[in-house]
Amino acid sequence: HVQLVESGGGSVQAGESLRLSCTASDLTYSHICMAWFRQAQGRERERVAARDYDAEIHYLESVQGRFTMSRDFASDTVYLQMNSLKVEGTAVYYCASSNKDYCPSEEKSYNYWGQGTQVTVS
């Protein structure tokens with residue numbers, strides 16, 4: 001089974017940046033989709049960014065232009081660079097994977113999840 005571990009969360013002021021990391025086991029050996037989700041307190045979980053096997057990345061409209069997802073195959077790590085953070089970006093951010101080459105749109109289709117990392121913007 002794939003294991004995912006997130007890191008890089010913290011507390012920042014609006015307008016500042018954070019870089020999240022997700023280290024995954026077996027990432028370099030599988031044809032899988034990697035994605036970032038977030039869940040604010042009392043709200044539904046939403047997909048922030050998803051990277052297909054062919055490197056196409058799909059972003060949540062509200063983060064388009066501010067967030068950048070990338071993948072380092074050598075280190076089995078997926079990143080989410082978050083610039084110009086807004087208060088509404090406060091949430092627990094999760095790394096997730098799907099066994100599909102092209103990323104599903106809904107969270108139910110993702111097979112593996114990290115434990116999450118808290119991002120607080122004030």
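**Strand 4 and its two partners**

In strand 9, Val92 is the bridge partner of Gln39. The model is a predicted one. Strand 9 covers residues 91–98 and runs antiparallel to strand 4, with seven bridges joining the two. On strand 5 (residues 46–51), strand 4 has a further antiparallel pairing, here over five bridges. Trp36 has Ala49 of strand 5 as its bridge partner. Strands 4 and 5 form a hairpin, and six residues lie between them. In the turn, Gly42 has a positive phi of about 80 degrees.

Strand 4 spans residues 33–39. Six of its seven residues are buried, so the strand is largely enclosed by the rest of the structure. Across the whole protein chain, buried residues make up 43% of the 122 residues.

The protein chain contains eleven strands and zero helices. Its radius of gyration is 13 Å, close to the 14 Å given by the globule rule for 122 residues, so the chain is as compact as a globular protein of that length. The C-alpha trace spans about 40 × 25 × 25 Å along its principal axes. Among contacts with a separation of 6 or more, 59% come from residues 24 or more positions apart.

Side chains in the protein chain include 11 positive and 15 negative ones. The centres of these two sets lie 4 Å apart.

Definitions and conventions:
Residues numbered from 1 in each chain as written. Predicted model: local features only at pLDDT ≥ 70, side-chain atom pairs only at ≥ 80, totals over all residues. Heavy atoms only, no water. Buried < 20%, exposed > 50% of the residue type's maximum accessible area, 1.4 Å probe, protein only. Helix = DSSP H or I, 4+ residues; strand = E, 2+ residues; numbered from the N terminus. Pairing = 2+ DSSP bridges. Rg over C-alpha atoms; globule rule 2.2 N^0.38 Å. Contact = heavy atoms within 4.5 Å. Lys, Arg positive; Asp, Glu negative; His and termini not counted. Charge placed at Lys NZ, Arg CZ, Asp CG, Glu CD.
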